[in-house]
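Hi everyone, thanks for coming.

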Amino acid sequence: MPDLIRYIDLIKKGNVVAFPTETVYGLGADAWNPTAIQKIFTIKGRPSDNPLIVHVSEEEQVHEFSDHIPDSAHTLIEEFWPGPLSLVLPKKSKVLDAVTAGLDTVAIRMPDHDTAIEFISKTGPLVAPSANKSGRPSPTKSEHVKTDFGEDFPVIDGEATKIGLESTVLDLTGDQPEILRPGSISRKEIEDVLGFSVHESFFDHMERPKSPGQKYSHYKPKAEVRWLGAEEEPDDQDCLYLLLTSNYGSSANIINFNNDLDLLARQIYDRLRQADIEGFSTVVIENFQDMDHPIIPALLNRVQKAIG
Ligand code: TXA
Ligand code: MG
């Protein structure tokens, strides 16, 4: 566990600090300090209508932000927290507009990461978007945060994040729960725990998404991103190929994930960043939509946004 004292002090003085979670690195600020939260928007270049997720270290802290916690929330918290599931709940009136972007709901999650939990238990609840410049691939290593925000930026060091895609965002404020952003906790897992079906809205109303983050361009490297063609050979030296099947082996510009979609999810943002560092013009990804794996909707959502 890294020494957290300096970072706790920075948060208490109203600054932002990047920290690891199980999904991606977050850019944390005190959830009750509007000046600190404003710094997040400035540093990231984040549109002000995109709300933030509150990160807690104890279930009790949810009550600071919402006093309408449905039974379904208790059930899901019991099953999935700490973990990559953000719950959208009706907000208490005192929750800052800077957190919710003026919405009457607030998203909350408890990260499954010892350092993050230790940190938040000392600072109190933190809002934390992914610690990247808006539009760039999310950071899964501390060096990604430094690439975007500079060598001297305060980042709590940790390993590469173990999941690599952001949390599932689930809205519990409507008649039926609705997945606003797919993540590694799948619709089926949520339905199995709740015992009834949930909606998924992330592909149908992109024009006016309920999760404002879904409408922005995201996860984009400078390189073009596209799917591998059905008959295409991976033989262009200007392309970085991310393949799933083993027909072509591996080389400097061919990464073979050997049908391991969890590994592709864990590495996708790092590989998109690698393409820019190494000067590839294009990232070519083998299609995985016909495979059977619970991470597919989340991975597909990120790849489609990177393709743009
Ligand atoms: O895994 C994660 O969730 C990471 C780590 C750091 O915890 N955080 C993250 O934050 O991905 P961010 O800000 O990059 O994405 C937050 C998403 C956005 O799509 C935003 O629109 C949505 O959550 N969101 C936040 N509050 C919401 C609300 N009240 N209603 C609907 N969507 C909300
Ligand atoms: Mg983000």
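I'll start with the sheet and then move on to some charged side chains.

A bit of housekeeping. This is a predicted model, where local features need pLDDT of at least 70, side-chain atom pairs count only at pLDDT 80 or more, and totals for chains, interfaces and linings use all residues. Residues are numbered from 1 along each chain as its sequence is written, chains are lettered from A and ligands numbered from 1 in the order in which they are written, and side-chain values use heavy atoms, with hydrogens and water left out.

Okay, the sheet. It's an open one with nine strands and mixed pairing, and the order runs β1-β2-β6-β3-β5-β4-β7-β8-β9. β1 (17-19) and β9 (199-200) sit at the edges with a single partner strand each, so one side of each has no neighbour in the sheet. When I say strand, I mean a DSSP run of E with at least two residues; helices are runs of H or I with at least four, and both are numbered from the N terminus. Two strands pair if DSSP finds at least two bridges between them.

Take β3 (residues 53-55) and β5 (residues 105-109): they pair in the parallel sense, over three bridges. There, isoleucine 53 is opposite alanine 107 in β5.

Staying in β5, that's also where you find arginine 109. Is arginine 109 buried or exposed? Buried, at 2% relative accessibility. Buried here means under 20% relative accessible area, exposed is over 50%, and partly exposed is in between (1.4 Å probe, protein chains only). The arginine 109 side chain makes a polar contact with the side chain of glutamate 22, at 2.8 Å. That term covers a pair of N or O atoms within 3.5 Å; within protein, one must be able to donate a hydrogen and the other to accept it, and residues adjacent in sequence count only if both atoms are side-chain atoms.

Now, how many salt bridges does a search of the whole structure find? It finds 14, each being a side-chain nitrogen of Lys or Arg within 4 Å of a carboxyl oxygen of Asp or Glu.

One of them joins aspartate 148 and arginine 136, at 3.2 Å, N to O. Aspartate 148 is in helix α7 (residues 142-149), while arginine 136 is in the loop between β6 (126-127) and α7, 12 residues apart. Aspartate 148 is buried, at 10%.
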